[in-house]
Amino acid sequence: LCTMITPKVLKARGIPVVHTIQRAGEFIITFPQAYHAGFSHGFNCNEAVNFALADWLPYGRASIERYKDKKRSPVFSHERLVCTIAHRNFRGGAHERITPWVEKEMRWVAATERAHREALMTTAEPAGRVRGYRVADGDNHVRSETEWIGGVAESDLPQCHRCLHYLYLSAVLDMRNPKRISCLEG
């Protein structure tokens, strides 16, 4: 979550604080769950690139769950990321090393989705009013290895009106107010 905290507060609570100055051509890597902040001193041109190794996927899931709990708009859709990675055609080499990480996350995504759907179908009143629907842009075919499944920007995915979670796999539509879309947990 995005929160600014002065280093004095952290130091007063016994939390170690480290600072560095990034110079031209240097990279700074921030590890998962690390608090970090940056400041520009004068005119500059900079770029931030988010990347993750396969063993980061559980941290990404935990991050999305925290955003959901705090009702904050997430930075990305974890389900979409995992489905996109799983959909890619990995051929030998380094990709074989990430398969166990992706498989573990894909199994979690599928099990969670299945459990939420089953819970929804058993608790719906009356049961006949619940209809599943797939959130999609109409053309979910991946045309290249660099294209996201769904073909739409993250910010264009619908969000749950309660927790703001991106609704990539499925959602519940309130027939009395079609603009109110909820996640299956809502």
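Author: The model is predicted, so local features need pLDDT of at least 70 and side-chain atom pairs count only at pLDDT 80 or more, while totals for chains, interfaces and linings use all residues. Residues are numbered from 1 along each chain as its sequence is written, and side-chain values use heavy atoms, with hydrogens and water left out.

Reader: What makes up the secondary structure of the protein chain?

Author: The protein chain has 4 helices and 2 strands, in the order α-α-α-α-β-β from the N terminus. Helices (H or I, at least four residues) and strands (E, at least two) are DSSP runs, numbered from the N terminus.

Reader: How many of the residues of the protein chain count as buried?

Author: Of its 186 residues, 24% count as buried. Buried means under 20% relative accessible area, exposed over 50%, and partly exposed in between (1.4 Å probe, protein chains only). The protein chain exposes about 13900 Å², of which carbon and sulfur atoms supply 56%; accessible areas come from the Shrake-Rupley method with a 1.4 Å probe, and for residues only the protein chains shown count as cover.

Reader: Why is glutamine 33 called exposed?

Author: The relative accessibility of glutamine 33 is 58%, and the term requires over 50%; glutamine 33 therefore counts as exposed. Glutamine 33 lies in the loop between helix 1 (7-12) and helix 2 (57-69), and has a positive phi of about 65° although it is not a glycine.

Reader: Why does lysine 71 count as exposed?

Author: Lysine 71 has 52% relative accessibility, so it counts as exposed. Lysine 71 is placed in the loop between helix 2 and helix 3 (78-87), and takes a positive phi of about 55° just after helix 2.

Reader: How do you know that the span of helix 2 agrees with its number of residues?

Author: The expected span of a helix is 1.5 Å times one less than its number of residues. The 13 residues of helix 2 should therefore span 18 Å, and its end C-alpha atoms are 19 Å apart, which agrees.

Reader: Which residues of helix 2 are buried, and why are they said to line one face?

Author: The buried residues are Leu57, Gly60, Arg61, Ser63, Ile64, Tyr67 and Lys68. Seen down the axis of helix 2, they fall within an arc of 160°, so they line one face of the helix. The arc is that of the directions from the helix axis to the C-beta atoms.

Reader: What makes tryptophan 56 and phenylalanine 76 a tilted aromatic pair?

Author: The structure holds 1 aromatic pair. Tryptophan 56 and phenylalanine 76 lie 5.7 Å centre to centre, with 45° between the planes. Rings of Phe, Tyr and Trp (its six-membered ring) pair if their centres lie within 6.5 Å; planes under 30 degrees apart count as stacked, over 60 as edge-to-face and the rest as tilted. The pair is therefore tilted.

Reader: Is tryptophan 56 buried or partly exposed, and which term applies to phenylalanine 76?

Author: Tryptophan 56 is partly exposed, with a relative accessible area of 23%. Phenylalanine 76, at 18%, is buried.

Reader: What joins the side chains of histidine 161 and arginine 180?

Author: A polar contact of 2.9 Å joins these side chains. The term denotes a pair of N or O atoms within 3.5 Å; within protein, one must be able to donate a hydrogen and the other to accept it, and residues adjacent in sequence count only if both atoms are side-chain atoms. Histidine 161 and arginine 180 are 19 residues apart along the chain.
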